[in-house]
Amino acid sequence: MGHTTVERQTWQEEGTRKRAAVQHMFAEIAPTYDLLNGLISFSLHHRWRKAAVAKLELKPGDRALDVCSGTGDFLPPLHNAVGENGLVLGTDFCAPMLQQAQSKTRNPKSKIDLALADACVLPIRSDSFDGITVGWGIRNVPDIDAAHMEIARALKPGGRFVSLDMARPRNAAVRAVSEFVFNTLVPRLGSIFGKTEAYTYLPKSTQRFWTREQLEASMSRAGLVEVGHRDLFFGNICLHFGRKPGGQSQ
């Protein structure tokens, strides 16, 4: 049945209701997620992920965690960084998305594991990972501060965190063009695959998403240092980064 005028849409939900709504939405789009993600980003997201992994400064034998892993596109570049003696773990709270990610873990020489987990309550011991990534996931969690605190807890002292997500361009002209494209073309593209609501969520959630400064403040509250960001794709994408105090700063 269609939504009535009094029903809240996915991008309007908060807290526990947001967790359930987003989980259901991603379960529905899992089979076509990689295809549409490639079309919307012109496949540039692979390049952005490699840049994000480079920011972690991982070494062979390190341990890397990908939170909100989705279909697992961060897993191959993380494995390339830590090598055959390293460990990569991908976690997500949506089982159908992780099922799609399994195809990216089948290198017999790699140690890549997947686990069903909520970003706000990670079933991981403290001080466990040298680097942690999130790709287009922080926008979807019900409690951004809680997710950042869990990520900081799971990092080893000196470990680094990077997050890629949508952002609103600072330039007014670029922002106007981007919002036109995202608010009209992206939902229409989603409708071709019968996923209009899910791909209406993308621009709507971006408009409601925290600013760069709010995200940096949240990361700092979680205890991360050397917090900063780098705009990509004319400011439509933003790479946030930070480090857990202690260890050796490289």
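This note sets out numbered points on the predicted model shown above.

1. Basis of the values. The structure is a predicted model, in which local features need pLDDT of at least 70 and side-chain atom pairs count only at pLDDT 80 or more, while totals for chains, interfaces and linings use all residues. Residues are numbered from 1 along each chain as its sequence is written, and side-chain values use heavy atoms, with hydrogens and water left out.

2. Strand β2. Helices (H or I, at least four residues) and strands (E, at least two) are DSSP runs, numbered from the N terminus. A residue is called buried under 20% relative accessible area, exposed over 50% and partly exposed in between, using a 1.4 Å probe and protein chains only. Strand β2 covers residues 87–92, and six of its six residues are buried, so the strand is largely enclosed by the rest of the structure. In a regular strand the side chains alternate between the two faces of the sheet. Here L87, L89 and T91 point one way from β2, while V88, G90 and D92 point the other way.

3. Neighbours of β2. Two strands pair if DSSP finds at least two bridges between them. Strand β1 (residues 63–67) runs parallel to β2 and is joined to it by four bridges; R63 has L87 of β2 as its bridge partner. Strand β3 (residues 112–116) also pairs with β2 in the parallel sense, over five bridges, and V88 has I112 of β3 as its bridge partner. Together, β1, helix α4 (residues 75–82) and β2 form a right-handed β-α-β unit. Right-handed means that, with the strands pointing away from the viewer, the path from the first strand over the helix to the second runs clockwise.

4. The hairpin of β6 and β7. Strands β6 (residues 225–232) and β7 (residues 237–243) run antiparallel and are joined by six bridges. Within this pairing, G228 has F241 of β7 as its bridge partner. Four residues lie between the strands, and F233 takes a positive phi near 55° in this hairpin.

5. Cysteines. A disulfide is a covalent bond between the sulfur atoms of two cysteines; here the test is a pair of cysteine sulfur atoms within 2.5 Å. A search of the whole structure finds zero disulfides. For C68, the nearest cysteine sulfur is that of C120, 8.0 Å away. The sulfur of C238 is 17 Å from the closest cysteine sulfur, in C68, which is too far for a bond. C238 counts as buried, at 2% relative accessibility.

6. Side chains of opposite charge can pair when their charged atoms come close. A salt bridge is counted when a side-chain nitrogen of Lys or Arg is within 4 Å of a carboxyl oxygen of Asp or Glu, and the count comes to 16. In one of these, R19 pairs with D118, with the closest N and O atoms 2.5 Å apart. R19 lies in helix α1 (residues 15–29) and D118 in the loop between β3 and β4 (129–135), so the pair ties together parts that are 99 residues apart in sequence. R19 is partly exposed at 23% relative accessibility, whereas D118 is buried at 17%.

7. Further salt bridges. R153 pairs with E150, the closest N and O atoms being 2.9 Å apart. Both residues belong to helix α6 (residues 144–154), and because they are three residues apart, about one helical turn separates them. R153 is partly exposed, at 23%, but E150 is buried, at 13%. E213 forms a salt bridge with R170, with 3.0 Å between the closest N and O atoms. This pair links distant parts of the chain, 43 residues apart: E213 is in helix α9 (residues 212–221), and R170 is in the loop between β5 (155–166) and α7 (172–192). Both are partly exposed, E213 with a relative accessible area of 43% and R170 with 48%.

8. L39 is located in helix α2 (residues 33–41) and is partly exposed, with a relative accessible area of 45%. The buried residues of α2 are Y33, L36, N37, G38, I40 and S41. After α2 comes F42, whose phi is positive, near 60°.
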